[in-house]
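Hello,

Here is the structure I promised to pass on to you. Please have a look at it first, and then read my notes below.

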Amino acid sequence: MDIIAMARELGKAIQQDERYKRIDAAKKANDEDNNLQELIVKFNMKRSDLTNAMAQENKDSEQLTALDKELKELYQEVMSNPNMAEFNAAKVEVDGMMNFISEILYGSVNGEDPDSIEMHESCGGNCGSCRGCH
């Protein structure tokens, strides 16, 4: 089997993984949650309002402050929605799985033994000693 066919098989295996199934179900729940969708539309409109206000030549600092506050409140509403919370939790798991897969592939390309590459917890963003999460 060639390398591309193997990658396609890996993709199919990922879609059978419980972590993928969880995020897929969470995406569908988000799409079907009318309240969440309305909040997202409001958030995007408020973000656009803030962007436009910031682009004005004569900025109104009170208006900017008010828009920023409203945007943050809408963001909190979106993020506290149970369906969005489930999606974010599922995304953390899928991201971890994908980062580990990438770590194995990058390590393999750099000559490491794929069977000896272990999963590392997130470094918190300090790339000083990183061997590749991208």
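The notes below go from the overall fold to a few individual residues.

A word on the basis: this is a predicted model, so local features need pLDDT of at least 70 and side-chain atom pairs count only at pLDDT 80 or more, while totals for chains, interfaces and linings use all residues. Residues are numbered from 1 along each chain as its sequence is written, and side-chain values use heavy atoms, with hydrogens and water left out.

**Overall picture**

Helices (H or I, at least four residues) and strands (E, at least two) are DSSP runs, numbered from the N terminus. Of the 134 residues, 21% count as buried; buried means under 20% relative accessible area, exposed over 50%, and partly exposed in between (1.4 Å probe, protein chains only). The accessible surface comes to about 9900 Å², and 53% of that belongs to carbon and sulfur atoms. Such areas come from the Shrake-Rupley method with a 1.4 Å probe; for residues, only the protein chains shown count as cover. Among contacts (heavy atoms within 4.5 Å) between residues at least 6 apart in sequence, 57% join residues at least 24 apart.

**An aromatic pair**

Searching the whole structure turns up 1 aromatic pair. Its partners are Phe43 and Tyr75, which are tilted, at 6.1 Å centre to centre and with 50° between the planes. Phe43 belongs to helix H3 (residues 34-55) and Tyr75 to helix H4 (residues 61-80), so the pair ties together parts that are 32 residues apart in sequence. For the terms: rings of Phe, Tyr and Trp (its six-membered ring) pair if their centres lie within 6.5 Å, and planes under 30 degrees apart count as stacked, over 60 as edge-to-face and the rest as tilted. Phe43 is buried, at a relative accessible area of 16%, whereas Tyr75 is partly exposed at 41%.

**A buried asparagine**

Asn30 sits in helix H2 (residues 18-32) and is buried, with 7% relative accessibility. Beyond its neighbours within four places in sequence, Asn30 is in contact with Leu36, Gln37, Asn83, Met84 and Phe87.

**Helix H1**

Met6 is part of helix H1 (residues 3-16) and, at 44% relative accessibility, is partly exposed.

Best wishes
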